Amino acid sequence: MATDAGGSAVIDKDGLDALVAVLAGRGRTVIGPTVRDGAIVLAELGSGADLPYGWGVELEAGTYRLRARGDGAAFAHSAGPQSWKTFLHPPRVREWSADRGADGDLVVTEDTGTPPSYAFLGVRPCDLRAIAIQDRVLTGGRHADEAYRGRRERAFLVAVECTEPGATCFCVSMGTGPAAGPGFDLALTEVLDAEGHRFLVRAGSEEGESVLAALPRSPADPATRQAAHERVAEAADRMGRSMPPVDLRTLMRETLTADRWDDVAARCLTCGNCTMVCPTCFCTSTEDVTDLTGDHAERWRHWESCFDLDFSHLASGSVRESPRSRYRQWATHKLGTWFDQFGSSGCVGCGRCIVWCPVGIDITEEAHALHRERERERESRAGRPTGPESPT
């Protein structure tokens, strides 16, 4: 059965299982959400049955808990501890190895080869935007990361629109969701109602159309279209967090000396969790290692964090020695100077940095606090009395 004129169709749970099988049959490693170790994590899927049917999450600053659902939904959960950069921009990669021969000469072998062909099933709209941001960072400009480019060009993206945001989500504030933007090959919207459990599917590329054509499906009926639209629209009204409705780039620039940075520095452990779970943070460093004989050496590239004291180390010492300066660097870059470098914000509103901060620091709360402090200073300069702080 052909898809309708809009390039969309409806599939059921069997169709979702078929989607995994079709993608695997085309030589792709299918990665998607599944339940493991008390969390919903990204891992290789053997079939659609591996998806987290009937599981949701409870999120708060510094808190993540699985909870059983009664409706059997597959994608009614928010972003987990991993993002897709784990696969496109891996945390640790060997770049080359060197061996000393019997004649004393060194033979250097670069680690190359055909990159993996992934199919990502369950890409949230915020993460879809995050992938686009990393595309700009790692493949744009004069210093493209060819390893990233190879993995990215071979990736097939199945987006899933959000119908149930978490308590720490703020994608609406960042303009990244809950509806899927451009960049997907297929986009799913999950619908559960009296008519049954089904998924509205839209194709966003030629390969997406080809995959959709191979699935058992039915035409996209008006009732399913309407239900899907309503659920995404309702999700936009149920965001758990928000950013202040101001130009964040200007806010960051005008509050560099704010007292609020001392408050957050008193709580921040500078552990770097926020940078590790962030879907757009991209910084790396390299490490050279040798074996005990000294005849074999390797160079590894690994993720690095701007919270690391050695991240800004120069001959005279670290540029950013205090927690205040390191948290401020991360926040002002993410929300402000990222625009200067790459033309967009570096934050997509996924809320991972809030959930996985061990002391519950909330980037939206900090932005609101900076905004309030800036407004009080403006009122003070204008000679007007300042009012009490408003809640975040």
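Predicted model: local features only at pLDDT ≥ 70, side-chain atom pairs only at ≥ 80, totals over all residues.
User: Is V158 buried or exposed?

Analyst: Buried means under 20% relative accessible area, exposed means over 50%, and partly exposed is in between (1.4 Å probe, protein chains only). V158 has a relative accessible area of 0%, so V158 is buried.

User: How many Å apart in space are V158 and P323?

Analyst: Along the sequence, V158 and P323 are separated by 165 residues. In space, taken from C-alpha to C-alpha, their separation is 39 Å.

User: What is the radius of gyration of the protein?

Analyst: The protein has 13 helices and 16 strands. The radius of gyration is taken over C-alpha atoms, and the globule rule is 2.2 Å times the number of residues to the power 0.38. For 392 residues that rule gives 21 Å, and the protein's value is close to it, so the protein is as compact as a globular protein of that length. The radius of gyration is 23 Å.

User: What share of the residues in the protein is buried?

Analyst: The count is taken over the 392 residues in the protein. Of these, the buried residues make up 49%.

User: Where does D37 lie, and is it buried or exposed?

Analyst: D37 sits in the loop between strand 2 (29-36) and strand 3. Although D37 is not a glycine, its phi is positive, at about 55°. Its relative accessible area is 76%, so D37 is exposed.

User: Between which helices does T270 lie?

Analyst: T270 also is not a glycine, yet it has a positive phi of about 50°. Its loop runs between helix 9 (260-267) and helix 10 (273-277).

User: Is the peptide bond from G177 to P178 cis or trans?

Analyst: P178 lies in the loop between helix 5 (171-174) and strand 10 (186-193). The omega of the bond from G177 to P178 is near 5°, and this peptide bond is cis.

Terms used:
Residues numbered from 1 in each chain as written. Heavy atoms only, no water. Helix = DSSP H or I, 4+ residues; strand = E, 2+ residues; numbered from the N terminus.
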